[in-house]
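Student: I would like to go through this model and ask what stands behind each label.

Tutor: Then let us take the labels one at a time.

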Amino acid sequence: MAGKHSWDSLVLIFEDDEDNNLTKLIQQQLHRQELAFKNINGILKNKEYMFDFTLSNKDETWAFEGAFLKEIDWFGLDVMDKSKQGIEITFCFNNARMIAK
């Protein structure tokens, strides 16, 4: 289709906090995606498992729409070590646009 854009995956590396708040958020999202893909009792319809997010730096802000988690790498994960953990997340998304500052 003419004019149709395609986007590569986006890979970001995060550091979780001592309370594992990011890990909890990731697990909730993975659960939503699992329900959607299995379509258990029609709980999630269409693209309700997708989410939107923004990324900003000092120069620009990007909005990502229709995103979902493609791959998670829990590197440095040691359950005996309570220090911060590294998490590499690969996101897929339907659209990205730069927001003027």
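Student: Why is Gln-29 called buried?

Tutor: This is a predicted model, and in it Gln-29 has a relative accessibility of 13%. Buried means under 20%, so Gln-29 counts as buried. Gln-29 is placed in helix 1.

Student: What is Gln-29 in contact with, leaving aside its neighbours within four places in sequence?

Tutor: With Tyr-49, Phe-51 and Leu-69. The cut-off for a contact is heavy atoms within 4.5 Å.

Student: Why does Tyr-49 count as buried?

Tutor: The relative accessibility of Tyr-49 is 11%. The limit is under 20%, so Tyr-49 counts as buried.

Student: What makes the pair of Tyr-49 and Phe-68 edge-to-face?

Tutor: There are eight aromatic pairs in the structure. For Tyr-49 and Phe-68, the ring centres are 6.1 Å apart and the planes stand at 70°. Rings pair if their centres lie within 6.5 Å, and planes over 60 degrees apart count as edge-to-face. Both values meet these cut-offs, so the pair is edge-to-face.

Student: Which parts does that pair tie together?

Tutor: Tyr-49 belongs to the loop between helix 1 and strand 2 (51-56), and Phe-68 to strand 3, so the parts tied together are 19 residues apart in sequence.

Student: Why is the pair of Phe-64 and Phe-93 called edge-to-face?

Tutor: The ring centres of Phe-64 and Phe-93 are 4.9 Å apart and their planes are at 80°. With centres within 6.5 Å and planes over 60 degrees apart as the cut-offs, the pair is therefore edge-to-face. This pair links distant parts of the chain, with Phe-64 in strand 3 and Phe-93 in the loop between strand 4 and strand 5 (95-99), 29 residues apart. Phe-64 and Phe-93 are both buried. They also belong to one aromatic cluster, together with Trp-7, Phe-14, Phe-51, Phe-53 and Phe-91.

Student: Why is Trp-62 partly exposed?

Tutor: Trp-62, in strand 3, has a relative accessibility of 30%. Buried would need under 20% and exposed over 50%, so Trp-62 counts as partly exposed. On the surface, Trp-62 forms a nonpolar patch with Trp-7 and Met-98, and together the three have about 300 Å² of accessible area.

Student: Which residues have the most contacts inside the largest nonpolar core?

Tutor: Leu-10, Ile-26, Ile-89 and Phe-91, in a core of 14 residues. At least two residues of this core come from each of strand 1 (10-15), helix 1 (21-38), strand 3 (61-73) and strand 4. Strand 3 gives the largest share, four residues. In soluble globular proteins, nonpolar side chains tend to be buried together.

Student: How do you know that Ile-72 and Ile-89 are apart in sequence but meet in space?

Tutor: They are 17 residues apart in sequence, while their C-alpha atoms are 4.8 Å apart. Ile-72, in strand 3, is in contact with Ile-89 and also with Ile-26, Leu-30, Ile-87 and Glu-88.

Student: Why is Thr-90 counted as buried?

Tutor: Thr-90 has 10% relative accessibility. That is under 20%, so Thr-90 counts as buried. Thr-90 is in strand 4 (residues 86-92). Beyond its neighbours within four places in sequence, the contacts of Thr-90 include Leu-10, Val-11, Phe-68 and Leu-69. Leu-10 in turn is in contact with Thr-90, and with Ile-89 and Phe-91 among others.

Key:
Residues numbered from 1 in each chain as written. Heavy atoms only, no water. Buried < 20%, exposed > 50% of the residue type's maximum accessible area, 1.4 Å probe, protein only. Core = buried A, V, L, I, M, F, W, Y, C linked by side-chain atoms within 4.5 Å. Phe/Tyr/Trp six-rings, centres within 6.5 Å; stacked < 30°, edge-to-face > 60°. Patch = residues over 30% accessible without salt bridge, like charges linked within 9 Å, V, L, I, M, F, W, Y side chains within 5 Å. Areas by Shrake-Rupley, 256 points an atom, 1.4 Å probe, with all protein chains shown as cover. Salt bridge = Lys/Arg side-chain N within 4 Å of Asp/Glu carboxyl O.
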